[in-house]
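Reader: I am new to this structure. Could you please walk me through it?
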Amino acid sequence: MISRRRALLALALGVTVAGCQALPEAPLEEPKAAAAELIFVAGGSGRVGRYIVARLERSGRGYRALTRSRAAAIERWGNDFANANWTEGDVRNAAQMRAAMVGATSVISVVGSRQLSGDNSAEFVDYRGVANLVDAAKAAGVRHFVLLTAIGVTDTEHPFNKATRGALEWRYKGEEYLRDSGLPYTIVRPAGLQDRPANEQALWIEQGDNWKPFLRATLARDDLAAVLIEVLNTPSAINATFEIANDPDKSPGDSRALLETLVPDSR
């Protein structure tokens, strides 16, 4: 009789001995495919978000756009957005953000408060709301978080910060929360935004938050939307913060080449 020890050894080695047939070798599993792209757009029904959603919809890339009210978004921006991939939720609600972000592979956050006080002010949207998004992104295993803030967030003397009772300071706290999270990130600080088509003027990119040269600069929202999407595919944008505006004195150029000059933040 074959000993139990020899039988086990035969099974382990995949050989046959008298009176003991080795089990057939199990087929190798196919490698698991990488998770399909799903870009989570927080603030998708806002003035910048609608340009992002429109671009993603045209490109066929996978996305999910967050809005507080799908019906209000369609009423505001028209039937072109009726078939967009909307999800409803409020960034001030942490549980809603965790549920909404399940399956996301990257995040573009363009949320922003328009109120100076109350529970819809910068403290609760640009800081606490962003913190909820960051926490949800970590839970979802997001690979890249792109955050829109503003030029001048590091300077309490910036005129806009004074005019908005410290709104820029709350945006900077949101930036720092993201930096401290450990998530790969890109932080984009635009000049004054305007509703103009993309590619009419060149892009102007700087790093360091020297806001004074940008004080009267503007940026087309559609140009901004294109850049916010492009950084997701730009390795040099990982863990980088930059300011951006249009340069009316130059012709449109290669935005990818500009983004490839970015350097990571020093922490």
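Author: Two strands pair if DSSP finds at least two bridges between them; strands (E, at least two residues) and helices (H or I, at least four) are DSSP runs numbered from the N terminus. This is a predicted model, in which local features need pLDDT of at least 70 and side-chain atom pairs count only at pLDDT 80 or more, while totals for chains, interfaces and linings use all residues. Residues are numbered from 1 along each chain as its sequence is written, and side-chain values use heavy atoms, with hydrogens and water left out.

Reader: How many bridges join β6 to β10?
Author: Strand β6 (residues 185-190) and strand β10 (residues 240-247) run parallel and are joined by 5 bridges. Val 188 stands opposite Phe 242 in β10.

Reader: In what order do the strands of the sheet lie?
Author: The open sheet has 8 strands in the order β3-β2-β1-β4-β5-β6-β10-β8, with mixed pairing. Strands β3 (86-88) and β8 (202-206) are the edges, each pairing on one side only.

Reader: Now to Thr 149: is this residue buried or exposed?
Author: Thr 149 counts as buried because its relative accessibility is 5%; buried means under 20% relative accessible area, exposed over 50%, and partly exposed in between (1.4 Å probe, protein chains only). Thr 149 sits in the loop between β5 (144-148) and α6 (159-163).

Reader: And what does Thr 149 touch?
Author: Leaving aside residues up to four places away in sequence, Thr 149 touches Arg 171, Glu 175, Ile 187, Val 188, Arg 189 and Pro 190, where contact means heavy atoms within 4.5 Å.
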